[in-house]
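I opened this model to look up how its parts pack together. My entries follow in the order I made them.

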Amino acid sequence: MVLWTAGITAGSLLPGIGAPSGPDVLLHGGAYLGLAWLIRSALAGRSRQDWWHAVLPAVAYGILMEGLQSTLGYRGAQLHDVMANAAGALAGALLPPIRWPVRREGR
């Protein structure tokens, strides 16, 4: 999850990295789909509402990235990017989580 988030951060904030020219809705949606799915997988089984706990931080992170882009001279914030991030986060949070194997002491 840390590497995925670092990739989103680099793609969002570093100059010369990011989406090619043209519509980048699929890149935004896919990046935040993956982030929310990883968060949900990390939280799986802890709550009946673990999907919701995955959507909120992923959407908040997308808003943060767009807000930071608005402060950079070489990037700009776009409302449609925030919407694509949120849609991807919702889709990722609704995917079935990875069920990590649990080690039990004494086995």
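**Entry 1: helix 4**

Which residues of helix 4 are buried? I found Asp81, Ala84, Asn85, Gly88, Ala89, Gly92 and Ala93. Buried here means under 20% relative accessible area, exposed means over 50%, and partly exposed lies in between, with a 1.4 Å probe and protein chains only. Seen down the axis of helix 4, these buried residues fall within an arc of 160 degrees, so they line one face of the helix. The arc is taken from the directions that run from the helix axis to the C-beta atoms. On the other side of helix 4, I noted Leu79, Met83 and Leu94 as exposed. The cover over the buried residues includes helix 2 and helix 3.

I also checked the length. Helix 4 has 16 residues and reaches 23 Å from its first C-alpha to its last, close to the 22 Å expected at 1.5 Å a residue. The expected span is 1.5 Å times one less than the number of residues.

**Entry 2: ground rules**

The model is predicted: local features need pLDDT of at least 70, side-chain atom pairs count only at pLDDT 80 or more, and totals for chains, interfaces and linings use all residues. Residues are numbered from 1 along each chain as its sequence is written, and side-chain values use heavy atoms, with hydrogens and water left out.

**Entry 3: the whole chain**

I read the chain as four helices and zero strands. The pattern along the sequence is α-α-α-α. Helices (H or I, at least four residues) and strands (E, at least two) are DSSP runs, numbered from the N terminus. Of the 107 residues in the chain, 32% are buried. Among contacts between residues at least 6 apart in sequence, 73% join residues at least 24 apart. A contact means heavy atoms within 4.5 Å.

**Entry 4: the core**

Next I looked up the largest nonpolar core. A nonpolar core is a set of buried Ala, Val, Leu, Ile, Met, Phe, Trp, Tyr and Cys residues joined through side-chain atoms within 4.5 Å. The largest one has 14 residues. Those with the most contacts inside it are Ile8, Tyr32, Leu35, Ala58, Tyr61 and Met65. Helix 1 (2-13), helix 2 (25-43), helix 3 (50-69) and helix 4 (79-94) each give two or more residues to this core.

I then followed Tyr32. Leaving aside neighbours within four places in sequence, Tyr32 touches Ile8, Ala58, Tyr61, Gly62, Met65, Asn85, Gly88 and Ala89.

**Entry 5: helix 3**

Helix 3 has 20 residues and reaches 29 Å from its first C-alpha to its last, close to the 28 Å expected at 1.5 Å a residue. I listed its buried residues: Asp50, Ala54, Val55, Ala58, Tyr61, Gly62, Met65, Glu66 and Gln69. Seen down the axis of helix 3, they fall within an arc of 140 degrees, so they line one face of the helix. Helix 1, helix 2 and helix 4 are among what covers them.

**Entry 6: two buried polar residues**

I looked up His28, which is in helix 2. His28 is buried, with a relative accessible area of 14%. Its side chain makes a polar contact of 3.4 Å with that of Asp81 and a polar contact of 2.8 Å with that of Asn85. A polar contact is a pair of N or O atoms within 3.5 Å; within protein, one must be able to donate a hydrogen and the other to accept it, and residues adjacent in sequence count only if both atoms are side-chain atoms. Leaving aside neighbours within four places in sequence, His28 is in contact with Glu66, Asp81, Ala84 and Asn85.

Ser12 lies in helix 1. Ser12 is buried at 9% relative accessible area. Beyond neighbours within four places in sequence, Ser12 contacts Met65, Gln69 and Arg75.

**Entry 7: Leu94 and the Trp pair**

Leu94 lies in helix 4 and counts as exposed at 54% relative accessibility. With neighbours within four places in sequence left aside, Leu94 is in contact with Arg40 and Trp51.

Rings of Phe, Tyr and Trp (its six-membered ring) pair if their centres lie within 6.5 Å; planes under 30 degrees apart count as stacked, over 60 as edge-to-face and the rest as tilted. I counted one aromatic pair by this rule. Trp51 and Trp52 form it, edge-to-face, at 5.3 Å centre to centre and 70 degrees between the planes. Trp51 is partly exposed at 26% relative accessibility, and Trp52 is partly exposed at 41%.
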